[in-house]
Amino acid sequence: MQDLDGKVGVVTGAASGIGRAVALRMAADGMKVVLADIDQDALNAATSEITAAGGEAIGQICDVRHEHEIQALADAAIDRFGAVHVVHNNAGVVTAAPLDKLTTADWEWVLGVDLWSVIFGVKTFLPLIRDAGEGHIVNTASTAGLQSNAGIGPYNVAKFGVVALTETLALELGDEPNINASVLCPGAINTQIASSERSRPQELADHVETEVGENFVKHAGAMLATKGKDPSEVADLVMHGITTNQFWLITHEPWKQLMVDRAAALANDGSLFHGFGG
Ligand SMILES: NC(=O)c1ccc[n+]([C@@H]2O[C@H](COP(=O)([O-])OP(=O)(O)OC[C@H]3O[C@@H](n4cnc5c(N)ncnc54)[C@H](O)[C@@H]3O)[C@@H](O)[C@H]2O)c1
């Protein structure tokens with residue numbers, strides 16, 4: 001998709017971090033934007049920032065774990081703007097604990113926000129993009145969808161799933177005219193992801209505090225705040241990926257060589273590859 005001016009974009013997890021930066025950037029590029037999130041105050045603030053600058057935007061409360069809420073989001077976009085061209089399935093959360101300490105609630109929460117939401121997003125919005133005649137779907141995975149990290153099992157599983165889903169989507173789109181897909185695999189970005197527990201729903205509160213979990217919140221939060229890239233850089237990459245139709249959106253160059261090394265371990269001696277993390 002080359003001309004984004006006047007087109008309609010939908011972004012989930014748009015109240016903070018990467019989603020917020022992408023929504024602001026879409027509006028700056030002349031798009032009409034539907035921002036979706038569960039954090040009402042932050043959603044209002046992001047939406048107002050766009051409209052105060054003269055952009056067109058609406059905010060929609062949407063818990064992306066639920067298919068009917070994704071459908072309501074699509075309905076709100078069509079009601080307000082009449083079409084949908086670009087969808088960024090981006091909302092995500094992470095929880096940390098060793099596999100034998102994770103609760104069923106931990107798995108349900110992370111797979112719901114990080115994977116089922118993308119499944120519902122593709123299923124719900126692809127027909128609308130086809131109706132619009134052109135468009136693009138971006139799904140946020142992670143470098144954790146390319147190489148697992150110890151201590152965040154549900155996140156790894158969800159993000160590998162998002163990569164597989166987006167590859168499947170792109171293969172099925174084939175040479176369908178004017179509709180494409182990208183998978184975004186961020187490395188460390190300076191956002192609020194390390195404090196994801198703020199977004200955990202009451203009904204999935206069952207969680208066991210572990211040293212792994214405590215260390216993750218402390219160290220990941222500090223690392224992202226000091227070494228993470230600014231979300232606006234990710235927004236640049238996403239918009240470039242949409243306008244140049246690039247499938248893999250990798251924010252940190254060293255990950256490309258890491259994927260070569262991972263494939264080499266598989267092909268050479270079949271050993272477990274440890275990557276950067278362990
Ligand atoms: N920050 C990083 O280093 C990094 C790295 C790799 C991947 N990612 C991915 O980027 C995406 C965006 O995360 P971020 O880093 O901007 O974090 P963030 O915490 O700043 O933003 C996430 C947003 O998702 C929203 N959200 C949480 N649960 C939701 C739900 N059930 N329904 C709707 N919205 C919900 C939150 O309210 C928040 O506004 C996530 O998918 C995350 O996994 C981030």
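Predicted model: local features only at pLDDT ≥ 70, side-chain atom pairs only at ≥ 80, totals over all residues.
Residues are numbered from 1 along each chain as its sequence is written. The protein has eight helices and seven strands; helices (H or I, at least four residues) and strands (E, at least two) are DSSP runs, numbered from the N terminus.

**Overall fold**

- The radius of gyration of the protein is 18 Å, close to the 19 Å that the globule rule gives for 278 residues, so the protein is as compact as a globular protein of that length. The radius is taken over C-alpha atoms, and the globule rule is 2.2 Å times the number of residues to the power 0.38.
- Along the principal axes, the C-alpha atoms of the protein fill a box of roughly 50 × 45 × 35 Å.
- Of the 278 residues in the protein, 45% are buried. A residue is buried if 20 or more other C-beta atoms lie within 10 Å of its own, exposed if 12 or fewer, and partly exposed in between, with C-beta atoms placed from the backbone.
- Among contacts with a separation of 6 or more, 73% are between residues 24 or more positions apart. Two residues are in contact if their C-beta atoms, placed from the backbone, lie within 7 Å.

**Helix α3**

- Helix α3 (residues 67–81) has 15 residues, which at 1.5 Å a residue should span 21 Å, and its end C-alpha atoms are 21 Å apart, in agreement. The expected span of a helix is 1.5 Å times one less than its number of residues.
- The buried residues in α3 are Ile70, Leu73, Ala74, Ala77 and Phe81. Seen down the axis of α3, they fall within an arc of 95°, so they line one face of the helix. The arc is that of the directions from the helix axis to the C-beta atoms.
- An α-helix has 3.6 residues a turn, so residues three or four places apart point the same way.
- The buried residues of α3 pack against β1 (8–12), β2 (32–37), β3 (57–61) and α4 (104–132).
- His68, Asp75 and Asp79 are exposed on the other side of α3.
- Ala76 also belongs to helix α3 and counts as partly exposed, with 18 C-beta neighbours inside 10 Å.
- Leaving out residues up to four places away in sequence, Ala76 touches Val34, Ile58 and Gln60. Ala76 and Ile58 are 18 residues apart in sequence, and their C-alpha atoms are 8.8 Å apart in space.

**Helix α6**

- Helix α6 (residues 211–227) contains Glu214.
- The 17 residues of α6 should span 24 Å at 1.5 Å a residue; the end C-alpha atoms of α6 are 23 Å apart, which agrees.
- Gly213, Phe216 and Ala220 are the buried residues of α6. They cover an arc of only 45° around the axis, which puts them on the same side of α6.
- The face of α6 turned away from its buried side carries exposed residues, including Glu211, Asn215, Lys218 and His219.
- Glu214 counts as exposed, with 12 C-beta neighbours inside 10 Å. Glu214 and Ala97 are 117 residues apart in sequence and 8.8 Å apart in space, C-alpha to C-alpha.

**Ligand shell**

- There are 32 residues around the ligand, and Gly13, Ser16, Gly17, Gly92 and Thr191 come nearest. A residue is near a molecule if its C-beta atom, placed from the backbone, lies within 6 Å of it.
- The shell residues divide into 14 nonpolar, 14 polar and four charged. Ala, Val, Leu, Ile, Met, Phe, Trp, Tyr, Cys and Pro count as nonpolar, Asp, Glu, Lys and Arg as charged, and the others, Gly among them, as polar.
- Helix α1 (residues 17–28) gives the most to the shell, with three residues.

**Loop residues**

- Most residues other than glycine have a negative phi.
- Asn178, in the loop between α5 (153–173) and β6 (179–185), has a positive phi near 70°. Asn178 is partly exposed, with 16 other C-beta atoms within 10 Å.
- Asn245 is in the loop between α7 (231–244) and β7 (248–250), and its phi is positive, about 50°. With 14 C-beta neighbours inside 10 Å, Asn245 is partly exposed.
- His252 lies in the loop between β7 and α8 (254–268) and is partly exposed, with 15 C-beta neighbours inside 10 Å. The C-alpha atoms of His252 and Ala188 are separated by 8.2 Å, with the two residues 64 residues apart along the chain.
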